[in-house]
Amino acid sequence: MRRVQQPYTDVFMRNRVDLAAPGAEEKIAGRLRDTGLVTVDGLASRAAVLAFATRTMNVMPHRDSDSDGLTTIRDTRRHAHRTGFAGLGNGPLDPHTERSGTPNPPRLMLLVCGQAAATGGECLLTDGQAMHSDLFAGEQEAGAALAQARTAFFGAGDGHATQVFTVHDDLRVSVRLRFDGLARWNPIVQPYLPQLRAAAGRHQVRLALAPGQGYLLDNERWLHARRAFTGDRLFWRALGQPLFPLPRGFAPVPASGRTPMFSEAG
């Protein structure tokens with residue numbers, strides 16, 4: 001499968017916001033509304049990551065987070081083979097939405113490198129807008145099926161019935177996805193899962209983050225993944241709701257054709 005991966009320096013620098021510059025919060029909010037992605041650097045400690053997180057979001061606790069709300073992402077050597085815990089191993093992660101199995105996933109995710117892996121471990125990001133456009137332009141039946149309400153169930157027994165693409169009242173679109181053992185699919189969409197996975201891969205970009213570097217993304221627009229790694233890779237993650245207005249998801253690309261008027265309620 002061919003992947004359209006842009007050079008690391010281009011992706012990082014094009015989306016970078018200088019946190020020390022005047023008006024940094026306004027620039028971050030504007031960039032998230034426009035592209036859904038911001039890259040940052042200079043966050044050399046856990047305290048610095050938490051301080052930045054609280055400048056942009058109301059941090060939400062997670063099943064694996066510590067008392068300050070941040071989650072330490074590293075290979076615990078205990079979770080690798082447990083469904084839903086792959087992030088705490090050293091294997092690859094498929095493209096996914098953070099907390100896809102909850103009724104209201106957090107809008108923002110911040111991920112910052114504390115220590116890079118010895119080999120591998122690059123972050124892989126997929127723009128849901130590009131994936132949506134791809135599926136509606138080249139596989140219109142796939143796109144339409146994936147927008148039908150309640151055609152996916154993400155999570156364990158207390159998970160959430162949903163769909164990959166949700167069209168909101170203002171016709172903006174949100175994406176929600178996972179491919180692991182906690183994803184179950186309606187027969188309507190089963191035939192289109194290979195196209196979906198291929199589109200998610202085609203539009204991936206790679207970030208080989210160094211210590212202190214990270215990204216902040218709109219969890220309703222961007223999917224994130226990871227390559228397998230060796231060594232003591234350490235990252236810190238924050239999830240939360242933005243401290244500024246942020247429209248739902250993304251505006252469909254006009255060339256993607258007619259977007260079906262399906263909604264969360266069907």
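How many residues in the lining of the second largest pocket are nonpolar, polar and charged? The lining divides into five nonpolar, eight polar and five charged residues. Here Ala, Val, Leu, Ile, Met, Phe, Trp, Tyr, Cys and Pro count as nonpolar, Asp, Glu, Lys and Arg as charged, and the others, Gly among them, as polar.

This is a predicted model, where local features need pLDDT of at least 70, side-chain atom pairs count only at pLDDT 80 or more, and totals for chains, interfaces and linings use all residues. Residues are numbered from 1 along each chain as its sequence is written, and side-chain values use heavy atoms, with hydrogens and water left out.

Let's turn to the cysteines. The whole structure holds zero disulfides (pairs of cysteine sulfur atoms within 2.5 Å).

His-224 sits in strand E15, residues 222-226 (a strand is a DSSP run of E with at least two residues, numbered from the N terminus). Is His-224 buried or exposed? His-224 counts as buried, at 7% relative accessibility. Its side chain makes a polar contact with the side chain of Glu-98 at 3.1 Å; such a contact is a pair of N or O atoms within 3.5 Å, and within protein one must be able to donate a hydrogen and the other to accept it, while residues adjacent in sequence count only if both atoms are side-chain atoms.

Conventions. Helices (H or I, at least four residues) and strands (E, at least two) are DSSP runs, numbered from the N terminus. Buried means under 20% relative accessible area, exposed over 50%, partly exposed in between (1.4 Å probe, protein chains only).
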